[in-house]
Amino acid sequence: NWSDQADAITGINIGGISATLSAPKFDLLKNKPVIFAGESANADVFTPLTQGAGQRVPVVFTFEKASPVTLDALIVENLEWYKDLLRYQPSEVVTP
């Protein structure tokens with residue numbers, strides 16, 4: 001978020017399925033990113049996928065204030081660089 005006005009991610013839909021979030025919402029504060037993987041991860045999302053590696057799925061982010069944003073994500077295999085990618089370990093999981 002580059003704006004001085006805060007927002008929040010309130011939902012994520014992956015491939016037509018509402019994802020389970022690791023928190024009720026992810027606050028979007030200026031210059032404080034939400035990171036879903038790696039050593040600095042501070043959030044996570046879980047959803048079953050029926051699509052396989054090499055396929056693309058729509059991902060829709062919904063927000064408290066802003067309009068939804070849709071992107072086209074490539075599914076990759078859990079190999080090589082992605083094999084040891086650290087995931088955020090939430091203390092609680094919120095189911096939609």
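Analyst: Buried means under 20% relative accessible area, exposed means over 50%, and partly exposed lies in between (1.4 Å probe, protein chains only). This is a predicted model, where local features need pLDDT of at least 70 and side-chain atom pairs count only at pLDDT 80 or more, while totals for chains, interfaces and linings use all residues. Residues are numbered from 1 along each chain as its sequence is written, and side-chain values use heavy atoms, leaving out hydrogens and water.

User: What makes lysine 25 and glutamate 64 a salt bridge?

Analyst: The rule asks for a side-chain nitrogen of Lys or Arg within 4 Å of a carboxyl oxygen of Asp or Glu. Here the N to O value is 3.2 Å, so the pair qualifies. Lysine 25 sits in the loop between strand E3 (20-21) and E4, and glutamate 64 in the loop between E6 and E7, so this bridge ties together parts that are 39 residues apart in sequence. Strands are DSSP runs (E, at least two residues), as helices are (H or I, at least four), numbered from the N terminus. Glutamate 64 is partly exposed, at 46% relative accessibility.

User: What makes Lys25, Asp27 and Glu64 one network?

Analyst: Their salt bridges share partners. Lysine 25 also meets aspartate 27, at 3.7 Å from N to O. Aspartate 27 is partly exposed, with 43% relative accessibility.

User: How do you know that lysine 30 and aspartate 4 form a salt bridge?

Analyst: Their closest N and O atoms are 2.8 Å apart, so the pair is within the 4 Å limit. Lysine 30 lies in the loop between E4 and E5, and aspartate 4 lies in the segment before E1, so the bridge ties together parts that are 26 residues apart in sequence. Aspartate 4 reaches 69%, so it is exposed. Lysine 30 has 39%, so it is partly exposed. The structure holds four salt bridges.

User: Why is the pair of phenylalanine 26 and phenylalanine 36 called edge-to-face?

Analyst: Rings of Phe, Tyr and Trp (its six-membered ring) pair if their centres lie within 6.5 Å; planes under 30 degrees apart are stacked, over 60 edge-to-face, the rest tilted. These centres are 5.7 Å apart and the planes stand at 80°, so the pair is edge-to-face. A search of the whole structure finds one aromatic pair.

User: How do you know whether phenylalanine 26 is buried or exposed?

Analyst: Its relative accessible area is 4%, so phenylalanine 26 is buried. Phenylalanine 36 has 27%, so it counts as partly exposed.

User: What makes up the largest nonpolar core?

Analyst: A nonpolar core is a set of buried Ala, Val, Leu, Ile, Met, Phe, Trp, Tyr and Cys residues joined through side-chain atoms within 4.5 Å. The largest has 16 residues, and those with the most contacts inside it include Ile12, Phe26 and Phe61. Strand E1 (7-14), E4 and strand E6 (56-63) each give two or more residues to this core. E6 gives the most, with four residues.

User: What makes asparagine 31 worth a look?

Analyst: Its phi is near 60°, a positive value in a residue other than glycine. Most residues other than glycine have a negative phi. Asparagine 31 lies in the loop between E4 and E5. Its relative accessibility is 57%, so asparagine 31 is exposed.
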